[in-house]
Amino acid sequence: MSDVIHLLPDHVANQIAAGEVVQRPASVVKELLENSIDAGAQNIQLYIKEAGKILIKVVDDGVGMSITDARLSFERHATSKITSAEDLFRLNTKGFRGEALASIAAIAHVELKTRRETEEVGTCIKIEGSHITSQEPSSTAKGTSISVKNLFYNIPARRNFLKSDTVEMRHIIDEFQRVALAHPKIAFSLIHNASELFQLPGSNYRQRITNILGGKTNEKLVPVNEETEIIKISGFVGKPEFAKRTRGEQFFFVNDRYIKSPYLNHAVTAAFEGLLKDKAYPSYFLYLTVDPGSIDINIHPTKTEIKFDDDHALYAILRSSIKHSLGQFNVAPVLDFER
Ligand code: ADP
Ligand code: MG
């Protein structure tokens, strides 16, 4: 009998990897926005058509890419961000896996235009199902513009699985807001079909939160500030009387990256103990800074979960600093008869 094992061709391997990284249009949005941030962009525009099913386009004014790098950026495990496994524990970029562009290009029609400041002419690459179909010189602005059209065009099952435009757009807006909240100094805009949904000038944390969630948010915010040997905490919690019936306004950022953490969420809820009505969820926008060596982000391809070395200590510090802030702002407990 002959041997039966063979290596999969790249485009097949890329498509399989894409299944993990790209669940829906919002996943593409996240990856592209993060690439623009890693490229040092100060202005990032996101254009969406039909909830990302037709077009997702990100335009940035970051460092851009050389002609060769532009081609290489679509190879799997091709990255400028790390060179060794140790680098994973001193990360200061959003990306490091070198998988996003390869995955996206395996399952969509992609056009990349990019130019570095030092070059007079940029380059334009078109790629479909992992195959480059053209590369030409292009007189494009400094930075990078990337269009992702017809997502999942070659995976009908995935395309059919997409939800209504309203639902997919909700996911896109969520990702956009998370990234924008993590990076207040960067200006962002979001245009869906012909309407401008967000136009966010570069600002500070308080203004960014208010610009995204509406003018009245400002007066609801109680600042939280704490610095210990293992963690720096800054940001805001919403006053208890403004707690919501849904969890919509709960945000943790660790080293400028939005993350989900039921455990730390519990610490916040514990700090609000006795201050909330039944079934009310406090709002919070908490920015945690820790030594990159004390966390592991590489536990899930979408990087929204983190493993902390010392999560019990973080829990205790978070809870006590929020309690302290709420106390300082004289937040009165909810009276019993209000229940
Ligand atoms: P990763 O972000 O993990 O490195 P990606 O597949 O997202 O992997 O991107 C591959 C490489 O392409 C990046 O490491 C970066 O060098 C380059 N790149 C991607 N997007 C941009 C951009 N908007 N501006 C400049 N370079 C980019
Ligand atoms: Mg990336």
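The legends below describe close-up views of a predicted model. Local features are given only where pLDDT is at least 70, and side-chain atom pairs count only at pLDDT 80 or more, while totals for chains, interfaces and linings use all residues. Residues are numbered from 1 along each chain as its sequence is written, and chains are lettered from A and ligands numbered from 1 in the order in which they are written.

**View 1. The eight-stranded sheet.** Eight strands form an open sheet with mixed pairing, in the order S5-S4-S3-S6-S2-S1-S7-S8. Strands are DSSP runs of E with at least two residues and helices are runs of H or I with at least four, numbered from the N terminus; two strands pair if DSSP finds at least two bridges between them. Strand S5 (131-138) and strand S8 (195-200) are the edge strands, each pairing on one side only. On average, neighbouring strands of this sheet are turned by 10° against each other, direction ignored. Axes are lines fitted to C-alpha atoms, for helices over the stretch in contact, and angles run from 0 to 180 degrees between N-to-C directions. Strand S1 (residues 43-49) and strand S7 (residues 187-192) are parallel and share six bridges; Ile44 has Phe188 of S7 as its bridge partner.

**View 2. Helix H2 and Ser36.** Helix H2 lies across S1, strand S2 (55-60) and strand S6 (143-149), and runs at about 10° to S2. Ser36 belongs to this helix, H2. Ser36 counts as buried because it has 28 C-beta neighbours inside 10 Å; the cut-offs are 20 or more other C-beta atoms within 10 Å for buried, 12 or fewer for exposed, and partly exposed in between, with C-beta atoms placed from the backbone. Leaving aside residues up to four places away in sequence, Ser36 touches Ala41, Ile44, Val58, Asp60 and Gly62, contact being C-beta atoms, placed from the backbone, within 7 Å. Asp60 is 24 residues from Ser36 along the chain, yet their C-alpha atoms are separated by 6.0 Å.

View 3. The shell around ligand 1 holds 23 residues, of which Asn35, Ala39, Ser73, Thr79 and Gly95 come nearest; a residue is near a molecule if its C-beta atom, placed from the backbone, lies within 6 Å of it. Helix H2 (25-38) and helix H4 (100-106) each supply at least two residues of this shell. By class, the shell has eight nonpolar, ten polar and five charged residues. Ala, Val, Leu, Ile, Met, Phe, Trp, Tyr, Cys and Pro count as nonpolar, Asp, Glu, Lys and Arg as charged, and the others, Gly among them, as polar.

**View 4. Two loop residues with positive phi.** Asn150, in the loop between S6 and helix H5 (156-161), is not a glycine but has a positive phi near 55°. Asn150 counts as partly exposed, because it has 15 C-beta neighbours inside 10 Å. Lys279, also not a glycine, has a positive phi of about 55° and is found in the loop between helix H8 (262-271) and S13. With 9 other C-beta atoms within 10 Å, Lys279 is exposed.

Definitions and conventions. Two residues are in contact if their C-beta atoms, placed from the backbone, lie within 7 Å.
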